[in-house]
Amino acid sequence: MNISGVLVKAYPENINTIEKVISQMDGVEVHGNNEDGRIVITVEQESANNISDTLVEIQDVPGVLSAAMIYHQFED
């Protein structure tokens, strides 16, 4: 199991909609956001490739400026 902490930067005016879209993605859990457009999430996937695919999917959400992995852990 791969677990990653991800910081998403989004347009603040769309943050609630973006958070809702991201929270519905497989293996993604939203932990919070703030008024300047940052959203903190974790992503749990079976492989590092799946995490990369999820990051690309997040970056493709309209209104998302970036999604950066800030922590990664692999557990058996």
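## Glutamine 45

Setting aside neighbours within four places in sequence, glutamine 45 is in contact (heavy atoms within 4.5 Å) with Met1, Asn2, Asp26, Gly27, Asn50, Ile51 and Thr54. The model is predicted: local features need pLDDT of at least 70, side-chain atom pairs count only at pLDDT 80 or more, and totals for chains, interfaces and linings use all residues. Residues are numbered from 1 along each chain as its sequence is written, and side-chain values use heavy atoms, with hydrogens and water left out.

Glutamine 45 sits in strand β3; strands (E, at least two residues) and helices (H or I, at least four) are DSSP runs numbered from the N terminus. Its relative accessible area is 13%, so glutamine 45 is buried (under 20%; exposed is over 50%, partly exposed in between; 1.4 Å probe, protein chains only). A polar atom of the glutamine 45 side chain lies 2.9 Å from the backbone oxygen of aspartate 26.

Beyond its neighbours within four places in sequence, isoleucine 58 is in contact with Val8, Ile22, Met25, Ile41, Val64 and Ala67.

## Alanine 48

Alanine 48 belongs to helix α2. This alanine counts as partly exposed because its relative accessibility is 40%. The C-alpha atoms of alanine 48 and phenylalanine 74 are 8.7 Å apart, with the two residues 26 apart along the chain.

Conventions: Polar contact = N/O pair within 3.5 Å; in protein donor to acceptor, adjacent residues only side chain to side chain.
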